[in-house]
Amino acid sequence: MKFFSSIRPAKGNGGKAASFAPTLEWAAEQRQAMVARQLRRRRIRDERVLQAMGEVPRHEYVPSEHRRIAYEDHPVSIGQGQTISQPYMVAAMTEALELRGTERVLEVGTGSGYQAAILARLAARVYTMERDPELFRLAGERLERLGVTGGDTVVLLHGDGSEGYPPAAPYDGILVAAAAPRVPDCFLEQLVEGGRLVIPVGSLDQQEFRQVRKCQGKPVSRVLGHCRFVPLKGRHGWENA
Ligand code: SAM
C-alpha cells in the first residue's frame, strides 16, 4: 500500500539544521529533480500541475533552517506543530481538483501558503483559510512578499475552515489540507454541481485521500491513496486534537 505523509518531522540535528542561503540555480535544479523523481515517476500527469510545481519556490515557504531540505520527499515542519505537505501530496491533491484555469477554489489549511501559491497558478480565484493566528500572520507576510497576494487571485482568510467559507460559495473545487474524521456536509453544499472536493478522511493516524465529486447533488467518492495528515481542527474536525 502506498502511504504518503504530511506529518513526518524535519530530519537531522533534532529537527534543527544550520541556516542555508540557496542560490537560484540550486533551487531550479532541486525543483527539476523533484518534478522528475517524485512526481512524474509516481504518475502525476497533469502538465499544468507539473509546471506549477516546477516553478513555485518551495524553499521560500519553509523556515530558513529547513531550506536545505525543502524539496525532499517528505513534509517539513513550519512551526506551531504543523507542516508543509510532501511535494507528492501537494501535486496529487491539486491534480485531483481537475483545474483548467477558470475555477474558484477554496483551500482549508493555508499553513505556509505553498499550496495556495500552486493553486493561484492553476485557478482563477483561490480562497485559503487558516485557523492558527501565527501561521495566518506568517503566510500573509510571505504571500505578500512573494507577490502571490496583492492582486485579485488569492484571498487569505483567518478562521475555522472546517465549516468551509459560505460567503464566497459555491466553489468548483475545495481542497482540505488536514485530516477530517468524516466528510463534512457543508463542503458538499458549498460545491457547484460537478465540483470536486479533495480531502483526507480517516483516523488521526491514517487516512484515505479521497476525491468527492458532486453529481446531481450527491457525493460520488473515489479513494486515490492513503496518507497521514495533521488533524483538521474545529467544528467539523477533531475538536480536541
Ligand atoms: N497547505 C499547507 C501548505 O501548503 O503549507 C499545509 C497545510 S498543513 C498540512 C495543515 C494546516 O491546516 C495547518 O496549518 C493547520 O493549522 C490548518 N488547519 C487545521 N484545522 C483547520 C481549520 N479548521 N481551519 C483552517 N485551517 C486549519
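The buried residues of H3 are Pro 87, Tyr 88, Met 89, Val 90, Ala 91, Ala 92, Met 93, Thr 94, Glu 95 and Ala 96, where a residue is buried if 20 or more other C-beta atoms lie within 10 Å of its own, exposed if 12 or fewer, and partly exposed in between, with C-beta atoms placed from the backbone. Because ten of the ten residues of helix H3 (residues 87–96) are buried, this helix is largely enclosed by the rest of the structure. Helices (H or I, at least four residues) and strands (E, at least two) are DSSP runs, numbered from the N terminus. The model is a predicted one, in which local features need pLDDT of at least 70 and side-chain atom pairs count only at pLDDT 80 or more, while totals for chains, interfaces and linings use all residues. Residues are numbered from 1 along each chain as its sequence is written.

The largest nonpolar core has 67 residues, and those with the most contacts inside it are Ile 118 and Val 176; such a core is a set of buried Ala, Val, Leu, Ile, Met, Phe, Trp, Tyr and Cys residues joined through C-beta atoms within 7 Å. The largest share of this core, seven residues, comes from H3. Leaving aside neighbours within four places in sequence, Val 176 is in contact with Val 108, Gly 109, Val 198, Ile 199 and Leu 232, contact being defined by C-beta atoms, placed from the backbone, that lie within 7 Å.

## Overall fold

The secondary structure of the protein chain comes to six helices and ten strands. Its radius of gyration is 17 Å, close to the 18 Å that the globule rule gives for 241 residues, so the chain is as compact as a globular protein of that length; the radius is taken over C-alpha atoms, and the rule is 2.2 Å times the number of residues to the power 0.38. Of the 241 residues, 49% count as buried. Strand E9 (residues 207–215) and strand E10 (residues 218–228) run antiparallel and are joined by nine bridges, two strands being paired if DSSP finds at least two bridges between them.

## Ligand shell and Glu 130

The ligand is surrounded by 27 residues, the closest being Gly 109, Gly 111, Ser 112, Gly 161 and Gly 234; a residue is near a molecule if its C-beta atom, placed from the backbone, lies within 6 Å of it. Two or more shell residues are given by each of strand E3 (82–84), helix H4 (114–120) and strand E5 (125–130), and the largest share, three residues, comes from E3.

Glu 130 lies in strand E5 and counts as buried because it has 27 C-beta neighbours inside 10 Å. Leaving aside neighbours within four places in sequence, the contacts of Glu 130 include Gly 109, Gly 111 and His 158.

## Backbone exceptions

Most residues other than glycine have a negative phi, and most peptide bonds are trans.

| Residue | Phi |
|---|---|
| Arg 43 | about 75 degrees |
| Glu 98 | about 55 degrees |
| Gln 216 | near 50 degrees |

Arg 43 lies in the loop between helix H1 (24–40) and helix H2 (47–55) and counts as exposed, with 8 C-beta neighbours inside 10 Å. Gln 216, in the loop between E9 and E10, also counts as exposed, with 7 C-beta neighbours inside 10 Å. A cis peptide bond, with omega about 5 degrees, joins Ala 169 and Pro 170.

Definitions and conventions: Contact = placed C-beta atoms within 7 Å.
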